[in-house]
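Work through the exercises below with the structure open. Each task is followed by a stepwise solution.

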Amino acid sequence: MLDATKTAQRPTHAPSDHPKVAAEKVGVLLANLGTPDHYTYWPMRRYLNEFLSDRRVIDYSPWLWQPLLQLIILTKRPFSSGEAYKSIWNEEQGESPLMTITKDQTAKITKAMQDRYGDQVMVDFCMRYGNPSTKSKVRKMIDAGCRKILFFPLYPHYAGATSATANDQFFRVLMDEKWQPSVRTVDPYYQHPLYIEALAQSVERAYAKLETRPDILVCSYHGVPKRYLLEGDPYHCQCQKTTRLLKERLGWGDTEIATTFQSKFGPEEWLKPYTVEEVARLAEEDGKKNIAVCAPAFSADCIETLEEINEEIKESFEEAGGEHFTYIPCLNDDDAHIKALSAVIEENLNGWLD
Ligand SMILES: C=CC1=C(C)c2cc3[nH]c(cc4nc(cc5[nH]c(cc1n2)c(C)c5CCC(=O)O)C(CCC(=O)O)=C4C)c(C)c3C=C
Ligand SMILES: [Fe+2]
Ligand SMILES: [Fe+2]
């Protein structure tokens, strides 16, 4: 609650001083990871620098890590990752697919919330790294009269490198605000029945379009260093549970679905099996020549799915003798996904709205 003694020193940006503010609102701030402004060297370098300097993502001592990052990694990776981004870029809108999809999700969730609550709720999105920044969107919500903000990291699973760092940033930028909203953050939703339902429907829809049923569905999750799991990060267990719940909902057997981890970075061991190796092994050793791959840890298609899975990992499968590779897109702005995310939001707004 607000301290009445502070109202006398309300800053000029305080919501009630804002000429356009007619009534108090509740803000729902969706947050995704972030994406470069462009695939050329400097925007790529700025984005990777911010991302890879986050100690929630890479926890090495900055004394060791920063020289390596600044002098070696950031001289090369902006070029190689930039090429990958170029191959998937949405040239028409001048942005990456992650940005386009996040905007589409936000528009649909806004509509769902307005149908339910009218103008009492304001929905917007921000990114953990790059633009639009968490700071700019928190400020925008406060200026628009949001006295309560629900912060929703768009990751089904909780990892230090994703949800936790998004939350860190949210609370960090709030420290700079004089006019404090009351806040809530959303829990991971990897076992929400509507999320599992949306995943299952996306698999069923994809399978229904195929002439021959794939031998196996590979659920490829973004990896993290194995050490993070051993040090207590819950991400790995939550991914395993998602695959199990999906398998149960689909009514499949153990041999029809697998869990793998992708996007290994650096020399350390990451969560295994690595998708890129496992798809080759499935083709070569298990004779599974027809596979489908989905990516349940990503709420939106991005470089890691459109380029890494659908180009690099597909190539690894085909080089090992695989014949049919089907990539099942992320849930993106599917109606079932919007329904799931809206339900999660409504559950978290409990008691905040009439
Ligand atoms: C280096 C360590 C990394 C960890 C740990 C990590 C965890 C992690 N990331 C996501 C989701 C996304 N990652 C994306 C891109 C991306 N990830 C890393 C590194 C780590 N991620 C890098 C260097 C990049 C940039 C691209 C590249 O150079 O390879 C994206 C896509 C962004 C886009 O613009 O499309 C997402 C989404 C999760 C879920 C996760 C751990 C749970
Ligand atoms: Fe990542
Ligand atoms: Fe990648």
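**Exercise 1.** In which order do the strands of the open sheet lie, and is their pairing parallel or antiparallel?

Solution. The model is a predicted one.
- Step 1: the sheet is open and has four strands, in the order E6-E5-E7-E8.
- Step 2: the pairing is parallel. For E5 and strand E7 (residues 290-294), four bridges make the join, and Leu217 stands opposite Ala292 in E7.
- Step 3: strand E6 (257-262) and strand E8 (324-327) each pair on one side only, which makes them the edge strands.
- Step 4: from one strand to the next, the twist averages 25°.

**Exercise 2.** Identify the helix that lies across E5 and E6, and give its angle to E6.

Solution. 
- Step 1: the helix is H8 (residues 235-250).
- Step 2: H8 runs at about 150° to E6.

**Exercise 3.** Locate the residues that UniProt lists as "binding site", and determine whether each is buried or exposed.

Solution. 
- Step 1: the unreviewed UniProt entry places this feature at His222 and Glu304.
- Step 2: His222 belongs to strand E5 (residues 216-222), while Glu304 belongs to helix H10 (residues 303-319).
- Step 3: a residue is buried if 20 or more other C-beta atoms lie within 10 Å of its own. His222 has 26 and is therefore buried; Glu304 has 20 and is therefore buried.
- Step 4: leaving out residues up to four places away in sequence, His222 touches Gln262, Ser263, Ala297, Phe298 and Glu304. On that basis Glu304 touches His222, Gln262, Ser263 and Phe298.

Methods
Residues numbered from 1 in each chain as written. Chains lettered and ligands numbered in written order. Predicted model: local features only at pLDDT ≥ 70, side-chain atom pairs only at ≥ 80, totals over all residues. UniProt positions renumbered as here; feature names shortened; annotations may be inferred. Helix = DSSP H or I, 4+ residues; strand = E, 2+ residues; numbered from the N terminus. Buried ≥ 20, exposed ≤ 12 C-beta atoms within 10 Å, placed from the backbone. Contact = placed C-beta atoms within 7 Å. Pairing = 2+ DSSP bridges. Axes fitted to C-alpha atoms, helices over the stretch in contact; angles between N-to-C directions.
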